[in-house]
Structure formats: structure tokens, C-alpha cells
Amino acid sequence: PSAVVATRMRSCCRRQWKQHPALFFLTIICFNLTPMRTLAAERVEAEKKDEEPRCDDPMNSGLPECRAVYEEQFDAMLSARIKGSVSKRKDSSIHVEIWNFSPSKLQVFWQDGSDEGIDVGEIAINSVYETETYRTHTFAFFDEDGRRIGKLTMYPECKLYIIHPMDPKAESSAKYHEVLNGRHEHCPGHTDEATKWKYELWDD
């Protein structure tokens with residue numbers, strides 16, 4: 001609107017200047033009205049900005065308009081940290097199979113350093129639990145009574161782990177022997193008597 005007003009005033013001044021040369025100074029004043037109006041508008045806009053809350057001030061973090069800004073920054077920080085953690089990992093993931101030939105369904109807990117660990121699933125009797133994991137990740141196994149029967153630690157050279165049966169009848173099952181035979185291919189280190197203990201169930 002200020003530009004329209006200034007244009008109309010310029011036209012008016014030009015007509016008056018032609019008819020009355022003495023009005024030359026009025027023309028100069030007309031031409032200077034535009035920057036004066038612009039400066040006034042900028043001053044008003046600056047005052048409005050000063051009235052808006054500054055979200056970079058921690059004291060304003062509780063305001064609704066600032067809370068969204070902080071949440072967006074927090075999400076971006078978390079994403080960056082997650083990406084950074086993944087990029088720093090040098091070893092590759094391992095796809096492993098864990099077979100349960102014990103007489104009980106087992107609950108699987110990944111040992112993350114906490115007392116209980118993280119519940120990551122269960123293995124039915126005579127069934128397999130498959131997962132993507134990493135070197136030295138350890139899983140604990142609990143029977144249906146909540147008793148921990150042991151742990152298994154993962155190694156990249158071994159892709160197949162067995163929780164063995166506890167009675168002779170289960171040991172003679174065809175499925176158990178099939179999995180045992182497959183271990184020679186998928187966990188060759190198990191044939192070495194000096195290192196086979198690493199791939200077996202253990203407890204502390």
C-alpha cells in the first residue's frame with residue numbers, strides 16, 4: 001500500500017510541478033516520503049519480532065511455540081547419534097540359528113548389561129530361534145519355571161548353536177541328529193576340542 005501511495009503522490013507532484021515550478025521542493029519532499037515510510041514499516045516489524053519469544057533462551061522452553069522447536073532439535077540429535085553409533089561399528093552382523101532340544105519352551109533374553117537383560121523372544125521345544133546379532137553378544141535362556149538354564153555367546157565363525165536335550169529319548173530323535181550334522185558346516189570351530197567350549201551353553 002505504501003508503494004501505491006508513493007506512486008500516486010509522484011504523479012500528482014509532476015503535474016503540479018509543470019504548472020507551478022515553484023512547487024519543485026514539494027516534489028523533492030514527495031520523493032522522500034517513500035524511504036521514510038519504509039523505515040517506519042521496518043521499525044514496526046522489528047518491534048513485533050522483539051515481542052516474539054526467543055526459543056534459543058532456555059527460559060522459554062516451556063512455551064508451546066518453543067516446545068516444538070526443542071522437540072525437533074532433540075529428534076535430530078537422537079537420529080545423528082544413532083547413525084553415528086551404527087557407522088562406528090566395524091564388525092558385520094551375524095545371522096545365527098539357536099536350536100532348543102531341551103524339555104521346556106525357553107524365553108530368550110539378550111544380555112545388554114542390565115540385571116535382567118532384554119526379552120527378545122522364545123524358542124519352542126525342538127524349534128529354532130533365528131536372529132541378526134554381533135560378535136560377543138550373549139543370550140540367556142530361561143525355562144517355563146523361570147529358571148535360567150544357561151547362556152550362549154555369539155562368534156562370527158559359528159552360525160549354529162544347540163541347546164542339547166536332557167534325556168536319551170530326545171537325543172535319539174532324527175531332528176536332533178540332523179542339526180548336529182549341520183553344525184560341522186555352520187560351526188566348524190566346534191570340531192576343535194580346545195575351542196568347542198566357546199559355542200556351548202555356559203553359566204556364571
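User: In what order do the four strands of the open antiparallel sheet stand?

Analyst: This is a predicted model, in which local features need pLDDT of at least 70, side-chain atom pairs count only at pLDDT 80 or more, and totals for chains, interfaces and linings use all residues. Residues are numbered from 1 along each chain as its sequence is written, and side-chain values use heavy atoms, with hydrogens and water left out. Strands here are DSSP runs of E with at least two residues, and helices are runs of H or I with at least four, both numbered from the N terminus, while two strands pair if DSSP finds at least two bridges between them. The order of this open sheet is S3-S2-S5-S6.

User: Which are the edge strands of that sheet?

Analyst: An edge strand here pairs on one side only. Strand S2 (residues 106–110) pairs with S3 in the antiparallel sense over five bridges, and within S3 aspartate 119 is the bridge partner of phenylalanine 109. The edge strands are S3 (118–123) and S6 (148–153).

User: Which residue in S7 is the bridge partner of isoleucine 98?

Analyst: A three-stranded open sheet with mixed pairing has the order S4-S1-S7. Strand S1 (residues 94–100) pairs with S7 in the parallel sense over four bridges. The partner of isoleucine 98 in S7 is tyrosine 161.

User: At about what angle does helix H5 run to S7?

Analyst: Axes are lines fitted to C-alpha atoms, for helices over the stretch in contact, with angles from 0 to 180 degrees between N-to-C directions; contact means heavy atoms within 4.5 Å. Helix H5 (residues 174–186) lies across S1 and S7, and its angle to S7 is about 145 degrees.
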